[in-house]
Amino acid sequence: MVSYVRARSEGLSLQLRDGIFTRAERVVLTGVMLIVGYVEIGLWILAVLSLFTAVQRLWIASAQLLRADREPERRA
């Protein structure tokens, strides 16, 4: 979901690189939890933080779209 929100935003010409739990963090967490052996805990952490990041990116993208929608009104 995190990557999908970013891809859809970029399709609308928005720059969306923000988020607390990006791809690099997800890969590191998955690798560490596999090495340490706490796969189930790692998957729960991954699910919760990925959901939070997806919602965060949706919030940021909607704010950018609303801001872009209001700009032409200011020029008039």
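Biologist: Which residues are buried in H2?
Modeller: In this predicted model, the buried residues of H2 are Arg26, Leu29 and Met33.

Biologist: Why are those on the same side of H2?
Modeller: Arg26, Leu29 and Met33 are the buried ones, and they cover an arc of only 65° around the axis, which means that they sit on the same side of H2.

Biologist: And which exposed residues does the face turned away from the buried side carry?
Modeller: On that face of H2 you find Arg23, Val27, Val28, Leu34 and Ile35, which are exposed.

Biologist: How many residues does H2 have, and what does it span?
Modeller: H2 runs over residues 23–36, which makes 14 residues. From first C-alpha to last it reaches 20 Å, close to the 20 Å expected at 1.5 Å a residue.

Biologist: What follows H2?
Modeller: Gly37 does, with a positive phi near 105°.

Biologist: Change of topic. Which elements have the lowest and highest mean pLDDT?
Modeller: Helix H1, residues 2–11, has the lowest mean among the elements of the chain, at 85. H2 has the highest, at 93. The protein chain averages 87, and 95% of the residues score at least 70.

Biologist: Now H3. Where is Thr53, and is it buried or exposed?
Modeller: Thr53 is in helix H3, which covers residues 39–75. Its relative accessible area is 0%, so Thr53 is buried.

Biologist: What lies 3.2 Å from a polar atom of its side chain?
Modeller: The backbone nitrogen of Phe21 does. The side chain of Thr53 also has a polar atom 2.8 Å from the backbone oxygen of Leu49.

Biologist: Which residues does Thr53 touch, leaving out those up to four places away in sequence?
Modeller: On that count, Thr53 touches Val2, Gly19, Ile20 and Phe21.

Biologist: What about Ser50, buried or exposed?
Modeller: Ser50 is also placed in H3. With a relative accessible area of 15%, it falls under the 20% cut-off and so counts as buried. A polar atom of the Ser50 side chain lies 2.7 Å from the backbone oxygen of Leu46.

Biologist: Which residues is Ser50 in contact with, neighbours within four places aside?
Modeller: Val2, Phe21 and Arg26. You have met Arg26 already as one of the buried residues of H2.

Biologist: Which residues make up the largest nonpolar core?
Modeller: That core has five residues, namely Val5, Leu14, Leu16, Ile60 and Ala61. In general, nonpolar side chains in soluble globular proteins tend to be buried together.

Biologist: Take Leu14 from that list. What does it touch beyond four places in sequence?
Modeller: Leu14 touches Ser9, Ala61, Gln64 and Leu65. Of these, Ala61 is in the core as well.

Biologist: Last one, Ser13. Where is it, and what is its phi?
Modeller: Ser13 is in the loop between H1 and H2. Its phi is positive, about 65°, although Ser13 is not a glycine. Most residues other than glycine have a negative phi.

Biologist: Buried or exposed?
Modeller: Ser13 has a relative accessible area of 67%, so it is exposed.

Notes: Residues are numbered from 1 along each chain as its sequence is written. This is a predicted model: local features need pLDDT of at least 70, side-chain atom pairs count only at pLDDT 80 or more; totals for chains, interfaces and linings use all residues. Side-chain values use heavy atoms; hydrogens and water are left out. Helices (H or I, at least four residues) and strands (E, at least two) are DSSP runs, numbered from the N terminus. The expected span of a helix is 1.5 Å times one less than its number of residues. Buried means under 20% relative accessible area, exposed over 50%, partly exposed in between (1.4 Å probe, protein chains only). The arc is that of the directions from the helix axis to the C-beta atoms. pLDDT is the predictor's confidence in each residue, from 0 to 100. A nonpolar core is a set of buried Ala, Val, Leu, Ile, Met, Phe, Trp, Tyr and Cys residues joined through side-chain atoms within 4.5 Å. Contact means heavy atoms within 4.5 Å. A polar contact is a pair of N or O atoms within 3.5 Å; within protein, one must be able to donate a hydrogen and the other to accept it, and residues adjacent in sequence count only if both atoms are side-chain atoms.
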